[in-house]
Amino acid sequence: MSSSTVITNIATLVTNDPSLGDNSPLGLIQDAAVVIDGDRVVWTGESSKAPATDNRVDAGGRAVLPGFVDSHSHLVFAGDRTQEFNARMSGRSYTAGGIRTTVAATRAATDAELEANLTHYLAEALRQGTTTFETKSGYGLTVQDEARALRIAAAHTDEVTYLGAHIVSPDYADDPAAYVSLVTGEMLDACAPYARWIDVFCEKGAFDGDQARAILTAGKAKGLTPRIHANQLSYGPGVQLAVELDAASADHCTHLTDADVDALAHSATVATLLPGAEFSTRAEWPDARRLLDAGVTVALSTDCNPGSSFTSSVPFCIALAVRDMRMTPDEAVWAATAGGAQALRRDDIGRLTPGAYADLTLLDAPSHVHLAYRPGVPLVAGVWRRGVRAVG
(Lines give C-alpha, C1' and ligand atoms only; values in the text may rest on other atoms or scores of the structure.)
Protein backbone atom coordinates (compact mmCIF):
# COMPACT_ATOMS: atom_id res chain seq x y z
CA MET A 1 0.00 0.00 0.00
CA SER A 2 1.24 3.48 -0.83
CA SER A 3 1.72 6.09 1.85
CA SER A 4 1.18 9.82 1.53
CA THR A 5 3.79 12.47 2.19
CA VAL A 6 3.48 16.24 2.48
CA ILE A 7 6.46 18.44 1.71
CA THR A 8 5.73 21.63 3.58
CA ASN A 9 7.39 24.95 4.41
CA ILE A 10 8.28 25.50 0.74
CA ALA A 11 9.32 29.12 0.18
CA THR A 12 8.47 29.04 -3.55
CA LEU A 13 6.74 26.18 -5.36
CA VAL A 14 6.91 26.04 -9.16
CA THR A 15 3.81 24.20 -10.39
CA ASN A 16 3.84 25.20 -14.08
CA ASP A 17 0.08 25.62 -13.79
CA PRO A 18 -0.83 29.25 -14.60
CA SER A 19 -4.20 28.86 -12.88
CA LEU A 20 -2.42 28.55 -9.53
CA GLY A 21 -0.59 30.96 -7.25
CA ASP A 22 0.56 34.11 -9.00
CA ASN A 23 -1.11 33.08 -12.30
CA SER A 24 2.20 33.31 -14.16
CA PRO A 25 3.29 30.53 -16.54
CA LEU A 26 5.21 29.02 -13.61
CA GLY A 27 2.15 29.08 -11.33
CA LEU A 28 4.26 30.13 -8.36
CA ILE A 29 2.86 29.47 -4.88
CA GLN A 30 4.56 31.09 -1.88
CA ASP A 31 4.72 29.38 1.54
CA ALA A 32 3.53 26.24 -0.19
CA ALA A 33 3.13 22.51 0.26
CA VAL A 34 2.82 19.55 -2.08
CA VAL A 35 1.31 16.17 -1.25
CA ILE A 36 2.57 12.92 -2.80
CA ASP A 37 0.63 9.65 -2.73
CA GLY A 38 2.43 6.72 -4.31
CA ASP A 39 4.12 7.96 -7.48
CA ARG A 40 1.78 10.91 -8.08
CA VAL A 41 1.15 14.43 -6.90
CA VAL A 42 -2.31 14.61 -5.35
CA TRP A 43 -2.41 18.16 -3.94
CA THR A 44 -0.57 21.48 -4.14
CA GLY A 45 -1.35 24.74 -2.36
CA GLU A 46 -0.54 26.91 0.63
CA SER A 47 1.13 25.15 3.57
CA SER A 48 -1.61 26.20 5.98
CA LYS A 49 -4.21 24.35 3.91
CA ALA A 50 -2.34 21.08 3.39
CA PRO A 51 -4.32 17.92 4.19
CA ALA A 52 -3.20 15.35 6.75
CA THR A 53 -0.72 12.74 5.47
CA ASP A 54 1.19 9.72 6.71
CA ASN A 55 4.57 11.44 6.47
CA ARG A 56 5.89 14.99 6.61
CA VAL A 57 9.02 16.57 5.12
CA ASP A 58 10.04 20.12 6.06
CA ALA A 59 11.53 21.94 3.06
CA GLY A 60 13.10 24.47 5.42
CA GLY A 61 12.04 27.54 3.48
CA ARG A 62 13.58 26.35 0.22
CA ALA A 63 12.23 26.20 -3.32
CA VAL A 64 10.67 23.17 -4.99
CA LEU A 65 10.16 22.76 -8.71
CA PRO A 66 9.35 19.91 -11.10
CA GLY A 67 12.21 17.55 -11.88
CA PHE A 68 14.04 18.64 -15.02
CA VAL A 69 13.02 17.00 -18.29
CA ASP A 70 16.12 16.48 -20.42
CA SER A 71 14.59 15.84 -23.82
CA HIS A 72 17.80 15.52 -25.86
CA SER A 73 20.87 13.46 -24.93
CA HIS A 74 23.28 10.94 -26.43
CA LEU A 75 24.32 8.71 -23.54
CA VAL A 76 24.95 5.30 -25.09
CA PHE A 77 28.58 5.67 -26.09
CA ALA A 78 32.13 4.70 -25.21
CA GLY A 79 35.42 6.50 -25.44
CA ASP A 80 36.66 9.99 -24.75
CA ARG A 81 37.18 13.06 -26.93
CA THR A 82 39.19 15.22 -24.56
CA GLN A 83 41.89 15.79 -27.19
CA GLU A 84 39.32 16.98 -29.72
CA PHE A 85 37.85 19.42 -27.20
CA ASN A 86 41.28 20.68 -26.24
CA ALA A 87 42.21 21.24 -29.87
CA ARG A 88 38.91 22.97 -30.61
CA MET A 89 39.40 25.33 -27.69
CA SER A 90 42.75 26.11 -29.29
CA GLY A 91 41.12 27.24 -32.51
CA ARG A 92 39.77 24.33 -34.54
CA SER A 93 36.08 24.57 -35.45
CA TYR A 94 33.59 21.77 -34.75
CA THR A 95 32.24 19.65 -37.63
CA ALA A 96 30.04 16.59 -37.70
CA GLY A 97 33.04 14.38 -38.54
CA GLY A 98 34.16 14.04 -34.94
CA ILE A 99 31.31 11.63 -34.35
CA ARG A 100 33.29 8.93 -36.15
CA THR A 101 35.75 8.77 -33.26
CA THR A 102 32.98 7.84 -30.84
CA VAL A 103 31.52 5.37 -33.33
CA ALA A 104 34.76 3.40 -33.36
CA ALA A 105 34.98 3.32 -29.54
CA THR A 106 31.31 2.40 -29.14
CA ARG A 107 31.49 -0.48 -31.58
CA ALA A 108 34.47 -1.87 -29.67
CA ALA A 109 32.77 -1.66 -26.27
CA THR A 110 30.88 -4.50 -24.60
CA ASP A 111 27.22 -4.24 -23.65
CA ALA A 112 28.23 -4.10 -19.99
CA GLU A 113 30.63 -1.23 -20.64
CA LEU A 114 28.00 0.75 -22.52
CA GLU A 115 25.40 0.21 -19.81
CA ALA A 116 27.82 1.13 -17.03
CA ASN A 117 28.64 4.36 -18.84
CA LEU A 118 24.96 5.13 -19.35
CA THR A 119 24.01 4.55 -15.73
CA HIS A 120 26.97 6.63 -14.55
CA TYR A 121 25.74 9.68 -16.44
CA LEU A 122 22.11 9.05 -15.49
CA ALA A 123 23.08 9.08 -11.81
CA GLU A 124 25.09 12.25 -12.40
CA ALA A 125 22.06 13.91 -14.03
CA LEU A 126 19.71 12.76 -11.27
CA ARG A 127 21.91 14.39 -8.64
CA GLN A 128 21.43 17.63 -10.58
CA GLY A 129 17.65 17.36 -10.62
CA THR A 130 16.90 15.53 -13.88
CA THR A 131 14.07 13.04 -13.40
CA THR A 132 13.13 12.33 -17.05
CA PHE A 133 15.55 11.95 -19.91
CA GLU A 134 15.47 11.08 -23.57
CA THR A 135 18.49 9.39 -25.10
CA LYS A 136 19.47 8.28 -28.57
CA SER A 137 21.43 5.70 -30.45
CA GLY A 138 23.69 6.98 -33.22
CA TYR A 139 27.17 5.85 -32.23
CA GLY A 140 26.94 2.34 -33.65
CA LEU A 141 25.75 2.88 -37.24
CA THR A 142 25.41 -0.85 -37.91
CA VAL A 143 22.23 -2.85 -37.52
CA GLN A 144 23.58 -4.77 -34.55
CA ASP A 145 25.18 -1.80 -32.78
CA GLU A 146 22.22 0.52 -33.19
CA ALA A 147 19.79 -2.14 -31.95
CA ARG A 148 21.90 -2.97 -28.90
CA ALA A 149 22.25 0.73 -28.01
CA LEU A 150 18.48 1.12 -28.02
CA ARG A 151 17.95 -2.11 -26.10
CA ILE A 152 20.35 -0.89 -23.41
CA ALA A 153 18.71 2.54 -23.28
CA ALA A 154 15.19 1.11 -23.14
CA ALA A 155 16.04 -0.65 -19.87
CA HIS A 156 16.42 2.80 -18.27
CA THR A 157 13.93 5.13 -19.97
CA ASP A 158 10.78 5.07 -22.07
CA GLU A 159 12.06 8.02 -24.10
CA VAL A 160 14.32 6.19 -26.54
CA THR A 161 15.24 7.59 -29.95
CA TYR A 162 16.53 5.74 -32.99
CA LEU A 163 19.30 7.87 -34.54
CA GLY A 164 20.85 5.56 -37.08
CA ALA A 165 20.99 8.71 -39.22
CA HIS A 166 23.50 10.52 -37.02
CA ILE A 167 26.08 10.61 -39.80
CA VAL A 168 26.65 8.38 -42.81
CA SER A 169 28.41 5.31 -41.48
CA PRO A 170 32.13 5.23 -42.31
CA ASP A 171 31.40 1.84 -43.87
CA TYR A 172 29.25 3.59 -46.50
CA ALA A 173 31.35 6.73 -47.04
CA ASP A 174 31.37 6.11 -50.81
CA ASP A 175 27.67 5.21 -51.05
CA PRO A 176 25.46 7.40 -48.82
CA ALA A 177 22.33 6.30 -50.69
CA ALA A 178 22.97 2.70 -49.68
CA TYR A 179 23.32 3.78 -46.06
CA VAL A 180 20.00 5.64 -46.20
CA SER A 181 18.45 2.43 -47.55
CA LEU A 182 19.91 0.51 -44.62
CA VAL A 183 18.68 3.08 -42.08
CA THR A 184 15.16 3.01 -43.55
CA GLY A 185 15.12 -0.77 -44.03
CA GLU A 186 16.89 -3.50 -42.10
CA MET A 187 18.24 -1.20 -39.38
CA LEU A 188 14.84 0.41 -38.80
CA ASP A 189 13.20 -3.02 -38.56
CA ALA A 190 15.71 -4.08 -35.89
CA CYS A 191 15.53 -0.83 -33.92
CA ALA A 192 11.86 0.17 -34.00
CA PRO A 193 10.75 -2.29 -31.27
CA TYR A 194 12.99 -0.52 -28.73
CA ALA A 195 12.26 3.09 -29.68
CA ARG A 196 9.51 5.68 -29.38
CA TRP A 197 11.18 8.31 -31.59
CA ILE A 198 13.20 8.60 -34.78
CA ASP A 199 15.76 11.36 -35.33
CA VAL A 200 18.10 12.52 -38.08
CA PHE A 201 21.01 14.96 -38.19
CA CYS A 202 19.92 17.19 -41.08
CA GLU A 203 23.08 19.16 -41.78
CA LYS A 204 25.93 19.62 -44.23
CA GLY A 205 28.25 16.69 -43.65
CA ALA A 206 25.40 14.49 -42.43
CA PHE A 207 22.01 14.19 -44.25
CA ASP A 208 20.33 16.60 -46.65
CA GLY A 209 16.64 17.48 -46.67
CA ASP A 210 15.55 14.76 -49.09
CA GLN A 211 17.46 12.07 -47.20
CA ALA A 212 16.11 13.30 -43.88
CA ARG A 213 12.53 13.28 -45.19
CA ALA A 214 12.90 9.71 -46.43
CA ILE A 215 14.34 8.57 -43.08
CA LEU A 216 11.73 10.26 -40.91
CA THR A 217 8.87 9.18 -43.17
CA ALA A 218 10.02 5.57 -42.96
CA GLY A 219 10.14 5.87 -39.17
CA LYS A 220 6.62 7.27 -39.05
CA ALA A 221 5.41 4.31 -41.09
CA LYS A 222 6.85 2.08 -38.35
CA GLY A 223 5.03 3.99 -35.62
CA LEU A 224 7.94 6.19 -34.50
CA THR A 225 7.42 9.92 -33.99
CA PRO A 226 9.95 12.25 -35.62
CA ARG A 227 12.43 14.57 -33.93
CA ILE A 228 15.20 16.29 -35.86
CA HIS A 229 18.62 17.87 -35.38
CA ALA A 230 17.86 21.03 -37.32
CA ASN A 231 19.74 24.16 -38.36
CA GLN A 232 22.62 23.74 -35.91
CA LEU A 233 25.69 24.53 -37.97
CA SER A 234 24.11 26.38 -40.89
CA TYR A 235 20.85 27.45 -42.48
CA GLY A 236 19.03 24.48 -43.96
CA PRO A 237 15.74 22.64 -44.48
CA GLY A 238 15.57 20.94 -41.06
CA VAL A 239 13.09 23.21 -39.31
CA GLN A 240 10.69 23.33 -42.26
CA LEU A 241 10.89 19.54 -42.54
CA ALA A 242 10.17 19.18 -38.81
CA VAL A 243 7.00 21.22 -39.14
CA GLU A 244 5.97 19.45 -42.36
CA LEU A 245 6.22 16.05 -40.66
CA ASP A 246 4.75 17.19 -37.32
CA ALA A 247 7.97 16.39 -35.49
CA ALA A 248 7.75 16.67 -31.72
CA SER A 249 10.83 18.89 -31.69
CA ALA A 250 13.36 20.61 -33.87
CA ASP A 251 16.59 20.63 -31.89
CA HIS A 252 19.38 23.24 -31.93
CA CYS A 253 17.61 25.88 -34.09
CA THR A 254 20.62 28.18 -34.23
CA HIS A 255 20.43 29.42 -37.83
CA LEU A 256 16.82 30.38 -38.58
CA THR A 257 15.12 32.47 -41.23
CA ASP A 258 11.99 34.46 -40.46
CA ALA A 259 10.04 31.77 -42.32
CA ASP A 260 11.52 29.10 -40.02
CA VAL A 261 10.48 31.03 -36.92
CA ASP A 262 7.00 31.61 -38.31
CA ALA A 263 6.60 27.93 -39.19
CA LEU A 264 7.54 26.88 -35.65
CA ALA A 265 5.20 29.47 -34.13
CA HIS A 266 2.26 28.06 -36.07
CA SER A 267 2.99 24.40 -35.34
CA ALA A 268 3.05 21.91 -32.48
CA THR A 269 6.80 21.40 -32.97
CA VAL A 270 8.89 22.51 -30.00
CA ALA A 271 12.18 24.34 -30.56
CA THR A 272 14.63 22.56 -28.25
CA LEU A 273 17.66 24.72 -27.53
CA LEU A 274 20.93 23.12 -26.43
CA PRO A 275 23.24 25.83 -25.09
CA GLY A 276 25.82 23.33 -23.89
CA ALA A 277 26.69 22.72 -27.54
CA GLU A 278 27.33 26.39 -28.24
CA PHE A 279 29.33 26.72 -25.02
CA SER A 280 31.50 23.73 -25.87
CA THR A 281 32.09 24.66 -29.50
CA ARG A 282 32.26 28.47 -29.18
CA ALA A 283 29.49 28.64 -31.75
CA GLU A 284 26.84 31.30 -32.25
CA TRP A 285 24.11 31.22 -29.59
CA PRO A 286 20.51 30.44 -30.61
CA ASP A 287 18.31 33.53 -30.29
CA ALA A 288 15.80 32.28 -27.76
CA ARG A 289 14.33 35.78 -27.38
CA ARG A 290 13.40 35.85 -31.06
CA LEU A 291 11.65 32.49 -30.78
CA LEU A 292 9.79 33.30 -27.56
CA ASP A 293 8.63 36.69 -28.79
CA ALA A 294 7.23 34.99 -31.90
CA GLY A 295 5.21 32.56 -29.77
CA VAL A 296 7.34 29.45 -30.34
CA THR A 297 7.31 26.81 -27.59
CA VAL A 298 10.89 26.45 -26.37
CA ALA A 299 12.55 23.62 -24.44
CA LEU A 300 16.02 23.54 -22.91
CA SER A 301 18.12 20.39 -22.82
CA THR A 302 21.71 19.35 -22.29
CA ASP A 303 22.55 17.53 -25.54
CA CYS A 304 24.87 15.51 -23.31
CA ASN A 305 27.33 13.78 -25.63
CA PRO A 306 31.08 13.17 -25.62
CA GLY A 307 31.89 15.45 -28.54
CA SER A 308 30.08 18.77 -28.58
CA SER A 309 28.27 19.13 -25.23
CA PHE A 310 29.67 16.94 -22.50
CA THR A 311 27.46 18.22 -19.68
CA SER A 312 24.63 16.46 -17.88
CA SER A 313 23.71 19.60 -15.92
CA VAL A 314 20.37 21.20 -16.72
CA PRO A 315 21.05 23.95 -14.12
CA PHE A 316 24.18 24.88 -16.08
CA CYS A 317 22.13 25.07 -19.29
CA ILE A 318 19.55 27.27 -17.54
CA ALA A 319 22.29 29.68 -16.50
CA LEU A 320 23.68 29.77 -20.04
CA ALA A 321 20.22 30.38 -21.51
CA VAL A 322 19.62 33.33 -19.20
CA ARG A 323 23.07 34.85 -19.62
CA ASP A 324 23.69 34.27 -23.33
CA MET A 325 20.36 33.45 -25.01
CA ARG A 326 18.30 36.31 -23.55
CA MET A 327 15.80 34.15 -21.66
CA THR A 328 14.42 35.29 -18.33
CA PRO A 329 15.01 32.98 -15.36
CA ASP A 330 11.30 32.09 -15.36
CA GLU A 331 11.35 31.25 -19.08
CA ALA A 332 14.47 29.11 -18.74
CA VAL A 333 13.07 27.11 -15.81
CA TRP A 334 9.78 26.58 -17.66
CA ALA A 335 11.67 25.45 -20.78
CA ALA A 336 13.73 22.94 -18.77
CA THR A 337 10.65 21.41 -17.16
CA ALA A 338 7.32 21.96 -18.92
CA GLY A 339 9.04 22.75 -22.22
CA GLY A 340 10.94 19.47 -22.12
CA ALA A 341 7.69 17.65 -21.35
CA GLN A 342 6.06 19.22 -24.42
CA ALA A 343 9.07 18.22 -26.52
CA LEU A 344 8.34 14.64 -25.42
CA ARG A 345 4.59 15.15 -25.84
CA ARG A 346 3.99 14.31 -22.20
CA ASP A 347 1.51 15.91 -19.79
CA ASP A 348 2.34 13.76 -16.76
CA ILE A 349 5.78 15.28 -16.12
CA GLY A 350 7.24 18.79 -16.00
CA ARG A 351 4.55 20.11 -13.66
CA LEU A 352 3.48 19.71 -10.05
CA THR A 353 -0.28 19.42 -10.14
CA PRO A 354 -2.64 16.61 -9.17
CA GLY A 355 -2.22 13.60 -11.44
CA ALA A 356 1.33 14.37 -12.52
CA TYR A 357 4.21 12.10 -11.56
CA ALA A 358 5.79 13.07 -8.24
CA ASP A 359 9.08 14.18 -9.77
CA LEU A 360 10.36 17.06 -7.64
CA THR A 361 13.61 18.93 -7.15
CA LEU A 362 14.37 20.70 -3.86
CA LEU A 363 16.82 23.58 -4.13
CA ASP A 364 19.12 24.84 -1.40
CA ALA A 365 17.75 28.30 -2.18
CA PRO A 366 14.49 30.18 -1.61
CA SER A 367 13.72 30.66 -5.31
CA HIS A 368 14.16 28.96 -8.67
CA VAL A 369 15.85 32.17 -9.85
CA HIS A 370 18.98 31.06 -7.99
CA LEU A 371 19.59 28.48 -10.75
CA ALA A 372 20.73 31.39 -12.94
CA TYR A 373 21.68 33.77 -10.13
CA ARG A 374 24.24 31.30 -8.66
CA PRO A 375 25.67 29.54 -11.72
CA GLY A 376 27.91 26.56 -11.12
CA VAL A 377 26.79 26.11 -7.50
CA PRO A 378 25.38 22.66 -6.61
CA LEU A 379 21.98 23.89 -5.46
CA VAL A 380 20.03 20.63 -5.71
CA ALA A 381 19.41 19.47 -2.13
CA GLY A 382 16.88 16.73 -2.81
CA VAL A 383 15.20 14.88 -5.66
CA TRP A 384 12.05 12.77 -5.66
CA ARG A 385 11.47 10.55 -8.67
CA ARG A 386 8.10 8.85 -9.03
CA GLY A 387 7.41 9.69 -5.40
CA VAL A 388 10.60 8.14 -4.02
CA ARG A 389 13.34 10.31 -2.59
CA ALA A 390 16.36 9.48 -4.74
CA VAL A 391 18.74 12.29 -3.72
CA GLY A 392 19.24 14.03 -0.39
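**Loop residues and ring pairs**

Asp303 lies in the loop between β14 and α12; helices (H or I, at least four residues) and strands (E, at least two) are DSSP runs, numbered from the N terminus. This is a predicted model: local features need pLDDT of at least 70, side-chain atom pairs count only at pLDDT 80 or more, and totals for chains, interfaces and linings use all residues. Residues are numbered from 1 along each chain as its sequence is written, and side-chain values use heavy atoms, with hydrogens and water left out.

- Asp303 is buried but has no salt bridge (buried: under 20% relative accessible area, 1.4 Å probe, protein chains only; salt bridge: a side-chain nitrogen of Lys or Arg within 4 Å of a carboxyl oxygen of Asp or Glu).
- Lys136, the nearest side chain of opposite charge, is 7.2 Å away from Asp303 (Lys and Arg count as positive, Asp and Glu as negative; His and the chain ends are not counted).
- Ser313 is in the loop between β14 (298-300) and α12 (314-324).
- Ser313 is buried too, with a relative accessible area of 11%.

**Aromatic pairs**
- The structure holds 7 aromatic pairs (rings of Phe, Tyr and Trp, its six-membered ring, with centres within 6.5 Å; planes under 30 degrees apart count as stacked, over 60 as edge-to-face and the rest as tilted).
- One of them is Phe77 with Tyr121, stacked at 5.8 Å centre to centre and 25° between the planes.
- This pair links distant parts of the chain, 44 residues apart.
- Phe77 is buried at 1% relative accessibility, and Tyr121 is buried at 14%.
- Ring pairs join Phe77, Tyr121, Tyr139 and Phe310 into a cluster.

Definitions and conventions
Buried < 20%, exposed > 50% of the residue type's maximum accessible area, 1.4 Å probe, protein only.
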